[in-house]
Amino acid sequence: LSFLLCMQRDSLAEVLSQCWNQRTGAVEWAAATEALLTTLSTSDREAAISRLCALLVEQLSVGPSPSPLLLSYLSHAFATRLFSIRAFFGAFSFEDAPIKPQRVWITVSLAREFLPVLLIDSWAHGRTSPTETQASQPTTTLLRVGFFVAKHLAFALEEERSHEDNANDVGVDVLEARRQRATEELIEWSTDILSTLFEERRAVALILVERQREPSAWESLIRALANVKHIVTTSSLASKYP
């Protein structure tokens with residue numbers, strides 16, 4: 001069975017690669033992917049989707065910015081429920097470990113792109129899930145996203161100060177200008193994400209539920225926020241619910 005599943009995973013990767021190379025539209029890619037997934041049992045389908053999401057994350061991290069075609073595949077997959085946005089975000093590594101600056105930029109840009117969809121899906125899933133384990137999944141994702149973004153926002157602010165010092169000393173070359181622009185975008189996007197998480201009604205409700213279930217994750221988020229409190233207003237969450 002595991003051998004067959006590996007073959008199925010390879011087939012999903014081949015479909016994605018072929019569609020991307022031929023610039024196939026999202027509808028056709030989704031149809032070909034669904035045709036493969038329908039041959040699997042429920043548990044094997046979940047494993048295959050997990051691997052597919054990891055592959056999409058990997059491919060979206062290639063190059064200076066996410067591929068618009070792959071982004072269209074994702075948007076269609078979420079809209080048609082080929083797989084959930086929670087499964088996609090579950091493929092990211094939001095742990096407290098060093099990763100390349102480009103991967104941080106890509107991760108934050110995708111989080112900003114799809115955060116509205118994640119909130120809608122998480123809210124609906126949390127209201128209808130029959131078990132506590134299922135209900136906790138979407139808010140766990142929000143806590144992980146919040147921690148990751150807050151942590152790297154602090155790094156970006158330090159980097160911005162470094163850029164300013166270098167500009168005063170020796171001027172700015174083309175490569176340095178690109179880095180500055182990437183840092184500015186990271187700060188802007190991170191601020192937008194955190195503001196949404198702390199001010200949007202559904203996000204606050206979901207995170208407060210998860211706070212009760214995962215106090216250690218909540219504490220990690222609050223510690224990360226302490227380093228950016230002069231940038232992000234957290235009145236709806238960290239101040240109102242200390």
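What follows is a series of questions and answers on this structure. The model is predicted, so local features need pLDDT of at least 70 and side-chain atom pairs count only at pLDDT 80 or more, while totals for chains, interfaces and linings use all residues. Residues are numbered from 1 along each chain as its sequence is written, and side-chain values use heavy atoms, with hydrogens and water left out.

Q: What makes up the secondary structure of the protein, and how do its elements run from the N terminus on?
A: The protein has 11 helices and 0 strands, where helices (H or I, at least four residues) and strands (E, at least two) are DSSP runs numbered from the N terminus. From the N terminus on, the elements accordingly read α-α-α-α-α-α-α-α-α-α-α.

Q: How many of the residues of the protein count as buried, in percent?
A: Of the 242 residues, 43% count as buried, a label that means under 20% relative accessible area, whereas exposed means over 50% and partly exposed lies in between (1.4 Å probe, protein chains only).

Q: How many disulfides does the structure hold?
A: The structure holds 0 disulfides, a disulfide being a pair of cysteine sulfur atoms within 2.5 Å.

Q: Why is Ala13 called partly exposed?
A: The relative accessible area of Ala13 is 27%, and so the residue is partly exposed. Ala13 is found in helix α1, and its C-alpha atom is separated by 9.1 Å from that of Arg51, 38 residues apart along the chain.

Q: What makes Gln59 partly exposed?
A: Gln59 has a relative accessible area of 34%, and therefore it is partly exposed. Its place is in helix α3, and the C-alpha atoms of Gln59 and Leu16, 43 residues apart along the chain, are separated by 10.0 Å.

Q: How does the reach of α2 compare with the span expected at 1.5 Å a residue?
A: With 12 residues, α2 reaches 16 Å from its first C-alpha to its last, close to the 16 Å expected, where the expected span of a helix is 1.5 Å times one less than its number of residues.

Q: Why are the buried residues of α2 said to line one face of the helix?
A: In α2, the buried residues are Ala26, Trp29, Ala30, Thr33 and Leu37. Seen down the axis of α2, they fall within an arc of 95 degrees, so they line one face of the helix; the arc is that of the directions from the helix axis to the C-beta atoms.

Q: At what angle do α2 and α3 pack, and which residues make the contact?
A: Helix α2 (residues 26-37) and helix α3 (residues 42-60) pack at an angle of about 145 degrees, with their axes 10 Å apart; axes are lines fitted to C-alpha atoms, for helices over the stretch in contact, and angles run from 0 to 180 degrees between N-to-C directions. The contact (heavy atoms within 4.5 Å) is made by Trp29, Thr33, Glu34 and Leu37 of α2 and by Arg45, Ala48, Ile49 and Leu52 of α3.

Q: How do you know that the span of α4 agrees with its number of residues?
A: At 1.5 Å a residue, the 13 residues of α4 should span 18 Å, and the end C-alpha atoms are 18 Å apart, which agrees. Among the residues buried in α4 are Leu69, Tyr73 and Phe78.

Q: Why is Arg81 called exposed?
A: Arg81 has 64% relative accessibility, and therefore it counts as exposed. Arg81 lies in the loop between α4 (68-80) and α5 (85-89), and it has a positive phi of about 60 degrees although it is not a glycine.

Q: Where does Arg23 lie?
A: Arg23 lies in the loop between α1 (2-21) and α2, and this residue, although not a glycine, has a positive phi of about 55 degrees.

Q: Why do the buried residues of α10 count as lining one face?
A: In α10, Trp218, Leu221, Ala224 and Leu225 are buried. Seen down the axis of α10, the buried residues fall within an arc of 125 degrees, so they line one face of the helix.
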